[in-house]
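This report describes a protein and the two ligands placed with it, beginning with the ligand sites and ending with the fold as a whole. Please keep the structure in view while reading.

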Amino acid sequence: MILVTGGAGFIGANFVLDWLAGPNEPLVNLDKLTYAGNMESLAALRDDSRHVFVKGDIGDGSLVARLLGQYQPRAVINFAAESHVDRSISSPEDFIQTNIVGTFRLLEAVRAYWGGLTGIAKDEFRFLHVSTDEVYGSLAPAAPAFTEAHSYQPNSPYSASKAASDHLVRAYHHTYGLPVLTTNCSNNYGPFHFPEKLIPLMIVNALAGKPLPVYGDGMQVRDWLYVRDHCSAIRRVLEAGKAGEVYNVGGWNEKPNIDIVNIVCDLLDELQPRPDGKRYREQITYIKDRPGHDRRYAIDARKIQHELGWKPAETFETGIRKTVVWYLANPQWVQHVQSGAYKDWVDTHYAGAAAS
Ligand code: NAD
Ligand code: TYD
């Protein structure tokens, strides 16, 4: 058994689906179901008894302790977080509570559980913390990409809260010996991505005939990683990573935002042309920049490649095509997110699944 937190979010749901698609053991999925948690993303697992879903907060120490005692997981993978930079600018409080206090409480419960293990169970236990490249701050245009040794220079309430959680995880290893692994990855994209983030927002707005809002000059650079590649990296780090180590995970796909938006528009022109025959690029609208907007992120993913033999399987061209095709094939998922009906879906389909 493994315990996953935040497994109803974008990356967590992809991870849970991939994990249970293979010959892996069952998992407990602890998720608070904030606005970002969507059980509809996990609909394929509804009748799969290997998926134990528990609605709850990583900051609820007694709940986490009870789950650890009951299921005796060999590993905990922490995806749970508030994750959207723009929301962290307008209301940072939730970011402090979940990303910092929540991670602290989770670590405390895990430390107590791990302290009670013996023999191989204790030696082989792992706590894997999923973090972000945003903790490293912003890069100048020609600066080398972030390595694991780069200093922490977070610039938004989101990245500052993730940086704090990374420091706590590191401290629990150095102070208490907890066998932790940390992964810092770049921007993910792919299926089940909440349409408040750049790529899914552009797809759904384009199809709805709405403006495509590009912040500032659109020349901010991100390093895009297909979400299922990220999931395979996490599985590899869990399997072979060295306790106490940090692994950067990236897609080797640095691109300015405006290029991303243009690529999405061109794919939509090909796959679902506008009824009026015009191009989706005509919907692009430059708007006021995000405050404190980081100019460039880029991951140097050589350590995970050299030490663990992992590298991404998708190029941006293959991954973005899969993503656009997925959104075109799943209008109901998008519609339920936009209307809020995905929350009702939880009540209807998962009544009784919540932890008591
Ligand atoms: P997401 O916002 O889509 O999902 C977060 C999930 O955590 C949701 O299901 C939510 O309900 C749950 N959650 C929030 N607070 C909780 C709490 N207190 N207790 C239990 N569950 C809670 O986020 P995501 O994009 O899937 O990101 C997952 C992790 O990966 C985060 O830690 C994020 O910082 C990190 N990350 C994401 C990206 C990216 O591009 N999406 C890039 C780098 C790192
Ligand atoms: P986002 O998907 O929010 O991820 P992050 O801020 O964690 O990198 O944004 C990716 C980039 O796209 C970022 O530089 C901000 C920009 N962006 C826009 O230009 N317009 C938008 O509407 C959004 C949501 C993001």
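A polar contact here is a pair of N or O atoms within 3.5 Å. The model is predicted, and the distances below should be read as values computed from it.

## The site of ligand 2

On its own, ligand 2 has 510 Å² of accessible area, and the protein covers 96% of it.

The shell around ligand 2 holds 16 residues, and the closest are Glu-134, Pro-213, Tyr-215, Arg-290 and His-293. By class, these shell residues comprise six nonpolar, five polar and five charged. Helix H7, residues 198–207, and strand S8, residues 212–215, each supply at least two residues of the shell, with the largest share, three residues, coming from S8.

## Pro-200 in helix H7

Helix H7, one of the elements that contribute to the shell of ligand 2, includes Pro-200. Is this residue buried or exposed? Pro-200 has a relative accessibility of 1%, so it counts as buried, the cut-off for that class being under 20%.

Leaving aside neighbours within four places in sequence, Pro-200 is in contact with His-193, Phe-194, Pro-195 and Tyr-327. The C-alpha atoms of Pro-200 and Tyr-189 are 8.1 Å apart in space, while the two residues are eleven residues apart in sequence.

## The site of ligand 1

Ligand 1 has 29 residues around it, of which Ile-11, Asp-31, Ser-83, Tyr-158 and Lys-162 come nearest. Among the polar pairs at this site, a polar side-chain atom of Ser-83 lies 2.7 Å from an oxygen atom of ligand 1, whereas polar backbone atoms are involved for Thr-34, at 3.0 Å from a ligand oxygen, and for Val-130, at 3.4 Å. The protein covers 97% of the 830 Å² of accessible area that ligand 1 has on its own.

Two or more residues of this shell come from each of helix H1 (10–21), strand S5 (126–132), helix H6 (157–176) and strand S7 (187–189). The shell divides into twelve nonpolar, 13 polar and four charged residues.

## Asp-18 in helix H1

Helix H1, which gives residues to the shell of ligand 1, is also the place of Asp-18. The relative accessible area of Asp-18 is 14%, which means that this residue is buried, as the class takes in values under 20%. When residues up to four places away in sequence are not counted, Asp-18 touches Arg-228, Cys-231 and Arg-235.

## The protein as a whole

The secondary structure comes to 13 helices and twelve strands. The radius of gyration is 20 Å, close to the 21 Å that the globule rule gives for 356 residues, so the protein is as compact as a globular protein of that length. Along its principal axes, the C-alpha trace spans about 65 × 50 × 40 Å.

Buried residues make up 53% of the 356 residues. Among contacts between residues at least 6 apart in sequence, 81% join residues at least 24 apart. The accessible surface of the protein comes to about 14,800 Å², and carbon and sulfur atoms account for 52% of that surface.

How values were computed:
Residues numbered from 1 in each chain as written. Chains lettered and ligands numbered in written order. Predicted model: local features only at pLDDT ≥ 70, side-chain atom pairs only at ≥ 80, totals over all residues. Heavy atoms only, no water. Near = heavy atom within 4 Å. Areas by Shrake-Rupley, 256 points an atom, 1.4 Å probe, with all protein chains shown as cover. Helix = DSSP H or I, 4+ residues; strand = E, 2+ residues; numbered from the N terminus. Nonpolar A, V, L, I, M, F, W, Y, C, P; charged D, E, K, R; others polar. Buried < 20%, exposed > 50% of the residue type's maximum accessible area, 1.4 Å probe, protein only. Contact = heavy atoms within 4.5 Å. Polar contact = N/O pair within 3.5 Å; in protein donor to acceptor, adjacent residues only side chain to side chain. Rg over C-alpha atoms; globule rule 2.2 N^0.38 Å.
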